[in-house]
Amino acid sequence: MARTTNATLSSPYCILHRSSFSSKPSFLPLRIFPKTPSPPTFPRIYALSSNDIKVGSNIEVDGAPWRVLEFLHVKPGKGAAFVRTKMRNYVTGNTVEKTFRAGSTIEEANVFKEAKQFTYKDGVQFVFMDLSTFEEYRLNEADVGDKTKWLKEGMDCNLLFWNGKVIDFELPITVQLTVVDVDPGLKGDTAQGNVIWLL
């Protein structure tokens with residue numbers, strides 16, 4: 001006659017097991033392994049050397065994001081080398097000249113781009129929309145500046161974000177406009193008269 005062995009459970013965690021020699025189910029202990037903790041996450045630190053500065057670099061100085069407009073590496077006959085820059089503050093729009101010691105560490109501003117569509121103007125604000133989420137982003141007239149004359153409804157632009165807020169935007173490389181007035185001497189020159197390159 002078939003014989004069934006009953007196991008003593010030392011843990012509340014078990015699995016149901018049916019013996020091939022008996023129609024009665026029996027319970028076997030199930031070993032539970034502790035969950036491996038996930039490695040801690042740390043905020044990413046952006047840093048670069050002043051020797052790596054170039055036109056278009058985004059750096060953070062005194063807690064504000066700046067874009068490098070011009071730079072010059074200077075190595076005088078006497079004294080330490082340095083980097084002379086001309087920078088524009090993304091938030092205030094102010095332009096200043098600043099000098100960095102060669103080889104010094106500079107914090108890189110975490111500025112990233114996202115494509116949004118300019119949809120319409122609401123008073124003094126320009127409204128951009130994310131076409132996938134329909135979320136709206138607004139820029140004031142002062143933030144847009146001279147770029148307003150190139151903006152057209154339905155135009156895809158790149159919004160620049162820093163610390164979760166929009167600080168600037170970029171127009172597409174080319175825009176197509178309609179010529180409404182032209183000097184008499186230029187009439188007939190229409191091959192590329194309606195294409196403007198924004199470099």
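Colleague: Hi! Leaving aside neighbours within four places in sequence, what is valine 91 in contact with?

Modeller: Pro65 and Ile167, once those sequence neighbours are set aside; contact here means heavy atoms within 4.5 Å. Keep in mind that this is a predicted model, where local features need pLDDT of at least 70, side-chain atom pairs count only at pLDDT 80 or more, and totals for chains, interfaces and linings use all residues. Residues are numbered from 1 along each chain as its sequence is written, and side-chain values use heavy atoms, with hydrogens and water left out.

Colleague: Thanks. Where does valine 91 lie?

Modeller: In the loop between β6 (82-89) and β7 (95-101). Strands are DSSP runs of E with at least two residues, numbered from the N terminus. In space, valine 91 is 7.5 Å from alanine 64, C-alpha to C-alpha, although 27 residues separate them in sequence.

Colleague: And why is valine 91 called partly exposed?

Modeller: Because its relative accessible area is 43%; buried means under 20%, exposed over 50%, and partly exposed in between, with a 1.4 Å probe and protein chains only.

Colleague: Switching to the largest nonpolar core: how many residues does it have?

Modeller: It has 15, and Phe128, Leu139, Leu151, Cys157, Leu159 and Phe169 make the most contacts inside it. A nonpolar core is a set of buried Ala, Val, Leu, Ile, Met, Phe, Trp, Tyr and Cys residues joined through side-chain atoms within 4.5 Å.

Colleague: Which strands each supply at least two residues of this core?

Modeller: β10 (125-129), β11 (136-140), β12 (155-162) and β13 (165-170) do. The largest share, 4 residues, comes from β12. Apart from this core lies another, of 10 residues, among them Leu48, Ile59, Ala64 and Trp66.

Colleague: Now aspartate 130: buried or exposed?

Modeller: Aspartate 130 is buried, since its relative accessible area is 12%. Aspartate 130 sits in the loop between β10 and β11. Leaving out neighbours within four places in sequence, aspartate 130 is in contact with Lys116, Glu135 and Tyr137.

Colleague: Last one: how many bridges join β9 to β10?

Modeller: There are 5, and these strands run antiparallel; two strands pair if DSSP finds at least two bridges between them. Glutamine 117 stands opposite methionine 129 in β10. The two strands form a hairpin with 2 residues between them, and glycine 123 in the turn has a positive phi of about 65°. β9 (residues 112-122) also pairs with β12, in the antiparallel sense over 7 bridges, and lysine 113 stands opposite leucine 160 in β12.
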